[in-house]
Amino acid sequence: MARQKVVGEGAEPPKKKFTRAKRDATSEPVESAPVLDPSPDTVEDAPLNALRPTSFDDYVGQREVLDSLKIAVQAARSRDEAVDHVLFNGPPGLGKTTLAHIISKEFGSKLTQTSGPTLERPLDMVGLLSNLEKGEVLFIDEIHRIPRAVEEYMYSAMEDFKVDFVTGKGTYSRTLTYRLAQFTLVGATTRAGMLSGPLRDRFGLTYHLDFYSPEELSQVVTRSAGILGVQINQEGSDEIARRSRGTPRIANRLLRRVRDYAQVNADGMITGKIATHALTSEGVDEMGLDRLDRLYLTTLADQYSGGPAGLNAIAATVNEDAQTLEDVVEPFLLKIGLIVRTPAGRKATQAGMDHSGVPSLISPGPQQASLL
Ligand SMILES: Nc1ncnc2c1ncn2[C@@H]1O[C@H](COP(=O)(O)OP(=O)(O)OP(=O)(O)O)[C@@H](O)[C@H]1O
Ligand SMILES: [Mg+2]
């Protein structure tokens, strides 16, 4: 994603290895392609990278996903084959990138990381693919943003481990075939619905990552506190977990904010009370909603009388990008039942109206009316 440093145009190109392409094709070797440097971009990211679990055992939660992945990795290893292609989808910060790295570590192979929007031309993709060796992992973040022309080359690459290039026109046209090593494509997306059918169908393993339970997040907080050398008790971990929107990335971020607060206002030890004070002063409420979540909710509740309201209308009112609202804000509000999506638009539920503090103007539905 944008946090990563792109090594591409204007920078030192990635090391080229064209042996396979040269052996199997009759054309010139393909050009280098944009590869993301997984090293952290900012100082703020650096400690967060240290918190990233690096093995199946370190990874908290998502039990079903992990159990299935463990089998896939072990089976592939015993057959001496690459792991089947894997697609992860789910809201930001739930561990998609982390799992891609864990797959390559557990399988014992190298990972090359790139991102959909940086693969502008088919040659970018072919350059990356031809550099992969057997069993290596190609991780494509934001895979739904790969241009269609590039995506078409991925079909045969994923299915038959080859890419066909047509050069020249009419009677002079020739098809050049590059044979590829058996690799594993790991794709991550926050919007599975935007992936084309043919691409989605070529993933042997598809997983949806759901929000974490407060208990799981409490484990994430305790683990991260241990790595950062922060003193925290169970109530402290639980309080941070409860306010982390079901998201490990947010749990880690809030832990660092509360750590600062505890250092300045107390003896450094994070207790439930310290966490409550710190997070309230950070603008995170007891359900974990932050400023933008609450703005969305109160706008829907107040200005649109609880809805239904279209996403674009809400986005214009809160002066925020519609895609950000759809990818970042709405999934959690839907998950905890504060809003619903209807064919006519977004609606605040009774719980959503209550949480926004705006008296409900929604007339009871026929079912509710009959109960009254
Ligand atoms: N299961 C987990 N256990 C412990 N920590 C986790 C777990 N999943 C994620 N994290 C932490 O949360 C951070 C964010 O995870 P990650 O970058 O993998 O999310 P993502 O799904 O790729 O997000 P995005 O969609 O924004 O790219 C990681 O740096 C890691 O520290
Ligand atoms: Mg990611």
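1. Buried side of α8. In this predicted model, the buried residues of α8 are Leu217, Ser218, Val220, Val221, Thr222, Ser224 and Ala225. Among the elements that cover these buried residues are α9 (234-242) and α10.

2. Geometry of α8. The helix runs over residues 214-228, 15 residues in total, and its first and last C-alpha atoms are 21 Å apart. That is close to the 21 Å expected at 1.5 Å a residue. Gly229 follows α8 and has a positive phi, near 70°.

3. Nonpolar core. The largest nonpolar core contains 76 residues, and Ile103, Ala251 and Val258 have the most contacts inside it. The element that gives the most to this core is α10, with six residues.

4. Contacts of Ile103. Once neighbours within four places in sequence are left aside, Ile103 is in contact with Leu69, Val73, Val83, Val86, Val137 and Val186. Ile103 is also one of the residues with the most contacts inside the largest nonpolar core.

5. Ala278. This residue is found in helix α11, which spans residues 272-281. Ala278 counts as buried because it has 26 C-beta neighbours inside 10 Å, where 20 or more are required. Not counting residues up to four places away in sequence, Ala278 touches Arg257, Val258 and Tyr261. Of these, Val258 was named above among the residues with the most contacts inside the largest nonpolar core.

6. Ligand 1. There are 21 residues around ligand 1, and those that come nearest are Pro92, Gly95, Lys96, Thr97 and Thr98. By type, the shell divides into 11 nonpolar, seven polar and three charged residues. Helices α4 (96-107) and α10 (248-265) each supply at least two residues of this shell.

7. Position of ligand 1 between domains. Why is ligand 1 placed between domain 1 and domain 2? Domain 1 (5-208) and domain 2 (214-281) both give residues to the shell, so ligand 1 lies between them.

8. The chain overall. The protein chain has 16 helices and 11 strands. It comprises 372 residues, of which 38% count as buried. Among contacts with a separation of 6 or more, 71% are between residues 24 or more positions apart.

Technical notes: Residues are numbered from 1 along each chain as its sequence is written. Chains are lettered from A and ligands numbered from 1 in the order in which they are written. This is a predicted model: local features need pLDDT of at least 70, side-chain atom pairs count only at pLDDT 80 or more; totals for chains, interfaces and linings use all residues. A residue is near a molecule or strand if its C-beta atom, placed from the backbone, lies within 6 Å of it. Helices (H or I, at least four residues) and strands (E, at least two) are DSSP runs, numbered from the N terminus. Ala, Val, Leu, Ile, Met, Phe, Trp, Tyr, Cys and Pro count as nonpolar, Asp, Glu, Lys and Arg as charged, and the others, Gly among them, as polar. Domain bounds come from an automatic or database domain assignment. A nonpolar core is a set of buried Ala, Val, Leu, Ile, Met, Phe, Trp, Tyr and Cys residues joined through C-beta atoms within 7 Å. A residue is buried if 20 or more other C-beta atoms lie within 10 Å of its own, exposed if 12 or fewer, and partly exposed in between; C-beta atoms are placed from the backbone. Two residues are in contact if their C-beta atoms, placed from the backbone, lie within 7 Å. The expected span of a helix is 1.5 Å times one less than its number of residues.
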